[in-house]
Amino acid sequence: MNPEKIEIFDTTLRDGEQVPGCKLNTEQKLVIAEKLDELGVDIIEAGFPISSPGDFYSVTEISKIVRNATVCGLTRANKKDIETAAEALKFAKKPRIHTGIGTSDNHIKFKFNSTREAVLERAIEAVKYAKTFVEDVEFYAEDAGRTDNEFLAKVCEEVIKAGATVLNIPDTTGYCLPEQYGAKMKYLRENVKGIEKAVLSCHCHNDLGLATANSISGVINGARQIECTINGLGERAGNTALEEVVMILRQHKDLNLDTNINSKMLNEMSLMVSELMGMPVQPNKAIVGSNAFAHSSGIHQDGVIKNRETYEIIDPAEVGVNESSIVLTARSGRSALAYRFKNIGFDVTKNELDYLYQEFLKIADTKKEVVNEDLQVMMATFSQKS
Ligand code: KIV
Ligand code: ZN
């Protein structure tokens, strides 16, 4: 049975760019948008056109160059935002307006000083108005993670009637547990009349480190779109990381869900975004961190040298990394040392290795990592002695 498709909605250029210090200029955004299109994302959220003339211009220019993906612009639930987004998206082959409003009591009371009824009215009006410009209208119920399910279902039902094609259920504050977020999706699937006319979308933030887990729980429970960013960039602790959800679905074939992403581009995509945004990727970041395929303890190294699959669930080539690395540290064993000597052209006998290993440990205890140059010096000294 063919896997069901999960749409990847990339918001690196909108939610991702909201990170302090990560501001990009239009030229940089165009480079990223082109690469995202090549990567195979289904939707590129290009920006929030009313937020600044620069962002308006970026969304306009991105709309002109993207060939395959839908190009999306964010708005609040008001006419001016929607008109501006429609104008910025006018060159897009496949334009989408992403409009919405906060639906939790917290947002209704403190942000809008309003009522559930008035917010519902604004939601319906916004979708109807966006629909006069484009066919594809996504509605976000901001802070859906903390919104009462019954009210959220009512909002979803009404915006579908107004023409929404996608329903974004953001866990804006990263509050939900995976079971809670999944249960919310299930509740909406079972209680919203007309739900079959719209796609449910996961939009999770990482305040408790659960953005990826929540998004996966969302799709297991019926959502068919995931909103995410390269390297998990985003407000505060970030958004769901694109590379993580893509590889989770590839690894867990039993879920029978997959995306269109060309995973072999994930590493270069991550490096490019990190460089352009000036945001280093933490070394132990899943999938794209520099240590994601590095092995440094003796037991692990011995296993990986015998068979990669002993300690790796992903073939590094699948994500565009040439090969796993065997890092030499004071925790490394003889087999890793022999392997690295072999890599630089020295085949050592068992007796030679026993001696060299003791020499190696003396050096390893003095530094974080023993590199090829250290091995060359060790070998030169050893050759002179013998
Ligand atoms: O986190 C959020 O709620 C958002 C919406 C504006 C979609 O980013
Ligand atoms: Zn967000």
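Asparagine 68 sits in the loop between α2 (53–65) and β4 (70–74). Helices here are DSSP runs of H or I with at least four residues, strands are E runs of at least two, and both are numbered from the N terminus. Asparagine 68 is partly exposed because 14 other C-beta atoms lie within 10 Å. On this scale, a residue is buried with 20 or more other C-beta atoms within 10 Å of its own, exposed with 12 or fewer, and partly exposed in between, with C-beta atoms placed from the backbone. From asparagine 68 to glycine 303 the C-alpha distance is 43 Å, across 235 residues of sequence.

The model is predicted: local features need pLDDT of at least 70, side-chain atom pairs count only at pLDDT 80 or more, and totals for chains, interfaces and linings use all residues. Residues are numbered from 1 along each chain as its sequence is written, while chains are lettered from A and ligands numbered from 1 in the order in which they are written.

**The chain as a whole**

The protein chain has 14 helices and 12 strands. Its C-alpha trace spans about 85 × 45 × 40 Å along the principal axes. Of its 386 residues, 45% count as buried. Two residues are in contact if their C-beta atoms, placed from the backbone, lie within 7 Å. Take the contacts between residues at least 6 apart in sequence: 71% of them join residues at least 24 apart.

An unreviewed UniProt entry carries the annotation "domain: Pyruvate carboxyltransferase" for residues 6–267. UniProt positions follow the numbering used here, feature names are shortened, and annotations may be inferred rather than shown by experiment. Over residues 6–267 the chain is 42% helix and 18% strand. The end C-alpha atoms of this stretch are 21 Å apart.

**The ligand shell**

Ligand 1 is surrounded by Asp15, Tyr140, Glu142, Asn168, Pro170, Thr172, His203 and His205. A residue counts as near the ligand if its C-beta atom, placed from the backbone, lies within 6 Å of it. Two strands, β6 (136–142) and β7 (166–171), each supply at least two residues of this shell. By class, the shell holds 2 nonpolar, 4 polar and 2 charged residues. Ala, Val, Leu, Ile, Met, Phe, Trp, Tyr, Cys and Pro count as nonpolar, Asp, Glu, Lys and Arg as charged, and the others, Gly among them, as polar.

**Positive phi**

Most residues other than glycine have a negative phi. Aspartate 143 has a positive phi of about 65 degrees and is not a glycine. Its place is the loop between β6 and α6 (149–162). Aspartate 143 counts as buried because it has 22 C-beta neighbours inside 10 Å. Asparagine 256 also has a positive phi, near 55 degrees. It lies in the loop between α9 (242–251) and β10 (257–258). With 11 C-beta neighbours inside 10 Å, asparagine 256 counts as exposed.

**Helix packing around α12**

Helix α12 (residues 334–343) packs against helix α13 (residues 350–364). The angle puts α12 roughly perpendicular to α13. Arg334, Leu337 and Ala338 of α12 make this contact with Leu353, Leu356, Tyr357 and Phe360 of α13. The contact has 6 nonpolar, no polar and 1 charged residues.

Helix α11 (residues 298–306) also packs with α12. Here α11 is oblique to α12. Gly298, Gln301, Asp302 and Ile305 in α11 meet Ser335, Ala336 and Tyr339 in α12. This contact has 3 nonpolar, 3 polar and 1 charged residues.

| Helix pair | Angle | Axis distance |
|---|---|---|
| α12 and α13 | about 100 degrees | 10 Å |
| α11 and α12 | about 55 degrees | 8 Å |

Axes are lines fitted to C-alpha atoms, for helices over the stretch in contact, and angles run from 0 to 180 degrees between N-to-C directions. Angles under 35 degrees count as roughly parallel, over 145 as roughly antiparallel, 65 to 115 as roughly perpendicular and the rest as oblique.

**Two threonines**

Threonine 115 lies in the loop between α4 (105–111) and α5 (116–131). It counts as exposed, with 12 C-beta neighbours inside 10 Å. Threonine 115 and aspartate 105 are 10 residues apart in sequence and 8.4 Å apart in space, C-alpha to C-alpha.

Threonine 381 lies in helix α14 (residues 372–385). It counts as exposed, with 12 C-beta neighbours inside 10 Å. From threonine 381 to isoleucine 216 the C-alpha distance is 54 Å, with a sequence separation of 165 residues.
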